[in-house]
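Student: Could you walk me through this structure? I have not looked at it before, and I would like to start with the overall picture.

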Amino acid sequence: MELRKDPITRSWVLTGDDLPESAARPAAACPFCAGSQLKLQTVSTRAGLQGGASWSARAVVHPGAIYHVEGGVERRGQGLYDRMPPVGAHELLIENPKHDRQLWQADDAEIEQFLLLTAQRIQDLKGDARFRYISVFKNFGAPAGQEFEHPHATLTATTFVPRRVLYELRAGMDYFKHKERCVFCDILAQEVNQGQRVIEVRGDFVALCPYATRTPFETWILPRTHEAAFERFALSRPQAVRDLAGLLKRTLQRIRTITESFHMVLHTSPNAAHQSSSLGYWKSLDDDYHWHIEILPIVSAKAKSYTFKEVYYSPVAPETAARRLREAKLEG
């Protein structure tokens with residue numbers, strides 16, 4: 001496998017003919033439950049909660065890892081094209097020792113441990129200056145490409161910043177240049193003031209449907225306190241993480257009244273230890289970027305594709321989506 005850069009969109013694409021066999025194929029026993037015969041390389045573990053298992057959340061190297069820590073970046077040119085080996089990290093964040101304890105079923109304390117593990121892994125991997133960005137995402141349901149049944153999220157550390165995050169960095173930097181304010185903070189202030197697209201407020205956190213949704217019922221969770229880096233926020237304010245855990249649980253419960261499948265992605269700041277003299281995204285990063293969680297439900301399209309001539313198409317207005325999610329009956 002190797003990474004190739006599209007010279008037009010500037011996206012990095014992972015391609016090759018030796019993709020590892022998927023570890024997602026049905027197995028006799030879950031590889032992450034007690035008693036599994038599969039030998040996993042454990043990277044980090046959170047201690048168990050009182051009266052529970054010996055661990056509460058755990059990071060392991062993906063058994064079919066695509067990105068590997070060993071080696072140098074070694075970007076090479078081939079005419080106008082760029083290519084480089086898939087150097088990085090590829091881990092699974094096991095959310096819970098219990099096989100049937102997904103985030104919307106777990107206790108707030110259990111989700112808190114998973115979120116703190118996530119913050120620790122991002123912080124540790126940002127210590128490697130080769131890695132420009134640490135992505136954490138959860139794909140749930142077959143349409144979303146879920147790999148394993150056991151509750152888990154995926155972490156990848158890459159030597160490039162994903163294109164979607166680059167768009168956010170550029171927009172945040174441009175807005176800050178003109179107004180000397182964070183665009184995310186201004187969005188939050190307006191949304192909370194108007195209330196139309198707000199789903200729920202819990203402590204320092206707000207769940208809302210963004211003004212221009214890409215998919216029906218797209219939902220974001222943001223902290224009202226400005227902070228560019230999720231890991232810095234979580235590890236410096238662990239008391240606030242419990243509120244985030246509760247809001248994340250309730251938001252996923254709401255979304256599951258609409259559909260079972262979704263993508264969930266954590267957007268945090270890139271690695272400031274790997275700066276570029278030709279790019280300006282890091283100059284005002286702490287002031288203009290704002291970490292957040294994006295949840296994109298997968299809802300069956302009734303008439304049109306979500307993407308229509310390169311323009312996102314969402315057949316449910318965010319105001320309607322927010323109202324339906326607010327009114328959803330939650331478990332427990």
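Tutor: Before the surface figure, one term: accessible areas come from the Shrake-Rupley method with a 1.4 Å probe. Please also keep in mind that this is a predicted model. The accessible surface of the chain comes to about 16300 Å², and 49% of that belongs to carbon and sulfur atoms.

Student: And how many helices and strands does the chain have?

Tutor: The secondary structure comes to seven helices and 16 strands. Of the 332 residues of the chain, 48% count as buried, and among contacts with a separation of 6 or more, 70% are between residues 24 or more positions apart.

Student: Which residues touch the most other members in the largest nonpolar core?

Tutor: That core has 50 residues, and the ones touching the most other members are L115, F230 and L248. If we follow L248 and leave aside its neighbours within four places in sequence, L248 is in contact with L103, I111, L115, I221, M264 and I295. Apart from that core lies another one, of 18 residues, including V161, L188, L208 and L222.

Student: M264 was on that list of contacts. What does M264 stand opposite?

Tutor: M264 is in β13, and K138 stands opposite it. The strands concerned are β8, residues 133–140, and β13, residues 262–267, which pair in the antiparallel sense over five bridges. β13 also pairs with β14, residues 292–297, again in the antiparallel sense, over six bridges, and there H267 stands opposite H292 in β14.

Student: Switching to rings, how many aromatic pairs are there in the whole structure?

Tutor: A search of the whole structure finds 10 aromatic pairs. In one of them, the rings of W104 and F262 have their centres 5.9 Å apart and their planes at 75 degrees, and because planes over 60 degrees apart count as edge-to-face, that is what this pair is called. W104 lies in the loop between β7 and α1 while F262 lies in strand β13, so the pair ties together parts that are 158 residues apart in sequence.

Student: Are W104 and F262 buried or exposed?

Tutor: W104 is buried, and F262 is buried as well. F262 also pairs with F140: their ring centres are 5.7 Å apart and their planes are at 20 degrees, so this pair is stacked. Since F140 lies in strand β8 and F262 in strand β13, the pair ties together parts that are 122 residues apart in sequence, and both F140 and F262 are buried.

Student: Which residues do ring pairs link into a cluster?

Tutor: The cluster that ring pairs link together consists of F205, F230, F233 and W291. F230 has already come up, as one of the residues that touch the most other members of the largest nonpolar core.

Student: Okay, back to strands. Why is β9 described as largely enclosed?

Tutor: Strand β9 covers residues 152–158, and seven of its seven residues are buried, so β9 is largely enclosed by the rest of the structure. Both of its faces are covered, with H152, T154, T156 and T158 buried on one side and A153, L155 and A157 buried on the other.

Student: What is β9 joined to, then?

Tutor: Seven bridges join β7 to β9, and these two strands run antiparallel, with L92 standing opposite T154 in β9. Five bridges join β8 to β9, which also run antiparallel, and here the bridge partner of S135 in β9 is T156.

Student: What about α1, is it mostly covered or mostly exposed?

Tutor: α1 is mostly covered, with 13 of its 18 residues buried. At 1.5 Å a residue, the 18 residues of α1 should span 26 Å, and its end C-alpha atoms are 26 Å apart, which agrees. Helix α5, residues 238–255, is also mostly covered, with 13 of its 18 residues buried.

Student: Last one: where does Q196 lie, and what does Q196 touch?

Tutor: Q196 lies in the loop between α3 and β10, and it is partly exposed, with a relative accessible area of 44%. Not counting residues up to four places away in sequence, Q196 touches E319, A322 and R326. The C-alpha atoms of Q196 and P318 are separated by 8.6 Å, although these residues are 122 residues apart along the chain.

How values were computed. Residues are numbered from 1 along each chain as its sequence is written. This is a predicted model: local features need pLDDT of at least 70, side-chain atom pairs count only at pLDDT 80 or more; totals for chains, interfaces and linings use all residues. Side-chain values use heavy atoms; hydrogens and water are left out. A nonpolar core is a set of buried Ala, Val, Leu, Ile, Met, Phe, Trp, Tyr and Cys residues joined through side-chain atoms within 4.5 Å. Buried means under 20% relative accessible area, exposed over 50%, partly exposed in between (1.4 Å probe, protein chains only). Contact means heavy atoms within 4.5 Å. Two strands pair if DSSP finds at least two bridges between them. Helices (H or I, at least four residues) and strands (E, at least two) are DSSP runs, numbered from the N terminus. Rings of Phe, Tyr and Trp (its six-membered ring) pair if their centres lie within 6.5 Å; planes under 30 degrees apart count as stacked, over 60 as edge-to-face and the rest as tilted. The expected span of a helix is 1.5 Å times one less than its number of residues.
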